[in-house]
Amino acid sequence: MIGKALSRRHLLGLGVGAGAATALAACGSAGPGSAGGSSAATYWSLSGPPGEPARKAAIDRFNAANPDTKIAPLFFQNDAFKQKIKTSIGAGEGPTLVWGWGGGTLRSYVKAGQVDDLTDWFTQNPAIKDKLFPTSFAAGTVDGKIYGMPHESVQPILLYWNKNVFEQVGAEPPQSWGDIMALVPKFNAAGIAPFALGGQSRWTNMMWLELLLDRAAGPEVFDQVFAGEPNAWSHPAVLEMLNRVKQLVDAKGFIQGFSSIAADTHADQALLHTGRAAMMVHGSWSYGIQATQGGDFVKNGGLGYMNFPPVEGGKGDPTNQVGNPGHYLSIASNATPEAKEVGKKFLATLVDDKEPGEWIKTGNVPIIKGSDAQFAGQPNGEFLKFVYDLSINAKVFAQSWDQALSPTAAETLLDNIAKLFQGQVSPQQWVDNMNAVIGK
């Protein structure tokens, strides 16, 4: 059930349970396949809720069924994991099973020859691939080859609204970008901020750009950036996206002082459920936060949610999603052949009948087809079904830009997005700054 405050920090592993140990080890970690002999495999991932219990459950099931070929897990807090996995893989001492977010980090592993190509394995095991959301594979694929198996859960970015304040001003949920802009003066006149925004966190602002670019031009423009094509940010649709954001900021579409509001404290989401803001663009994890921290707001039907609407004249398919299409598991290239076989055997179990239930218990939508059959009778089952349908029916589910890009390009992206929202760079300066870090 959605009983915990889930956030993008949890999703990206930045949030861990209080008191979670830096690492919980079943055995040592001297290198790929070194745990318990050549017929065992090591697995490193993140500690804390909501993911660790579900990950441990999968490992426990595997170990119980395979007493001679066990998986030995290590769970780290987020920052410790990021540092440990980077240095250990580089030194040839990482785990057999490499957990991650796909995108830019996975690409760096591939370029360094540190993870195996799983394309043939999926070809030989079509039933496994067929059980997973098709759109989840993109972030685990590099140059047309699959290096990361999608697993765990999906979390698209949605548009939320407060039904109570909409009723108060006599407004209807926006069905287009024009509707959004028309609602801005209406809510401002009523003394209600049109949109909540935790701008201090920067990635919250980024969600607006991701959606607007997709709705205007589809995923092709960002795909060109991801592919490292020179001056890819100079596409006219990018300037269109940036000008729309500037238009919304200038119209006072966001709550005053948004650049000092941190999403980590959920202050932005409190603005919505307290009625100080009418709408908010946020990840699907926000539903659980508002259900647990918003008093009776969700329980009494006050929270509205919808797919982000199209923009007038836009070429992007409005069924496209952006956000987090999954997490990814790879096999270390320098693991022993025996450990690699154990690792692949474990991957196959991540689509078993038990796996979906473990993620549903955390309030997440499993990445496995047909898992919606288990939503009936679940708390918030209607919302889970909504997210499931959006995700599985998406033509494209694009990964969040700061995860898809390299760390260098992602930091420049977030910095320039914050400056754009604060009026410190013009749209053209934003384009020039981002073109300068393509491929870096």
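The structure described here is a predicted model. Val311 and Gln124 are 187 residues apart along the chain, and their C-alpha atoms are separated by 42 Å.

Pro49 is found in the loop between strand E2 (41-46) and helix H2. With a relative accessible area of 24%, Pro49 is partly exposed. In sequence, Pro49 and Thr362 are 313 residues apart, whereas in space their C-alpha atoms are 8.2 Å apart. Gln422 occupies the loop between helix H18 (407-421) and helix H19 (427-435). Gln422 is likewise partly exposed, its relative accessible area being 38%. Between Gln422 and Lys246 the separation is 176 residues in sequence, and the distance from C-alpha to C-alpha is 9.2 Å.

Helix H2 comprises residues 51-65 and includes Glu52. Glu52 is buried and yet forms no salt bridge. The nearest side chain of opposite charge is that of Lys56, at 4.4 Å. A polar atom of the Glu52 side chain does, however, lie 2.5 Å from the backbone nitrogen of Gly48.

In helix H4 (residues 103-111), the buried residues are Gly103, Gly104, Leu106, Tyr109 and Val110. Gly113 follows H4 and has a positive phi, near 70 degrees.

The arrangement of one pair of helices was also examined. Two packed helices are described by the angle between their axes and by the distance between those axes. For helix H8 (residues 177-189) and helix H11 (residues 236-250), the packing angle is about 20 degrees and the axes are 10 Å apart. Angles under 35 degrees count as roughly parallel, and H8 and H11 are therefore roughly parallel to each other. The crossing of H8 and H11 is left-handed.

Notes. Residues are numbered from 1 along each chain as its sequence is written. This is a predicted model: local features need pLDDT of at least 70, side-chain atom pairs count only at pLDDT 80 or more; totals for chains, interfaces and linings use all residues. Side-chain values use heavy atoms; hydrogens and water are left out. Helices (H or I, at least four residues) and strands (E, at least two) are DSSP runs, numbered from the N terminus. Buried means under 20% relative accessible area, exposed over 50%, partly exposed in between (1.4 Å probe, protein chains only). Lys and Arg count as positive and Asp and Glu as negative; His and the chain ends are not counted. A salt bridge is a side-chain nitrogen of Lys or Arg within 4 Å of a carboxyl oxygen of Asp or Glu. A polar contact is a pair of N or O atoms within 3.5 Å; within protein, one must be able to donate a hydrogen and the other to accept it, and residues adjacent in sequence count only if both atoms are side-chain atoms. Axes are lines fitted to C-alpha atoms, for helices over the stretch in contact, and angles run from 0 to 180 degrees between N-to-C directions. Angles under 35 degrees count as roughly parallel, over 145 as roughly antiparallel, 65 to 115 as roughly perpendicular and the rest as oblique. A crossing is left-handed if the near helix is turned anticlockwise from the far one by less than a right angle, and right-handed if clockwise.
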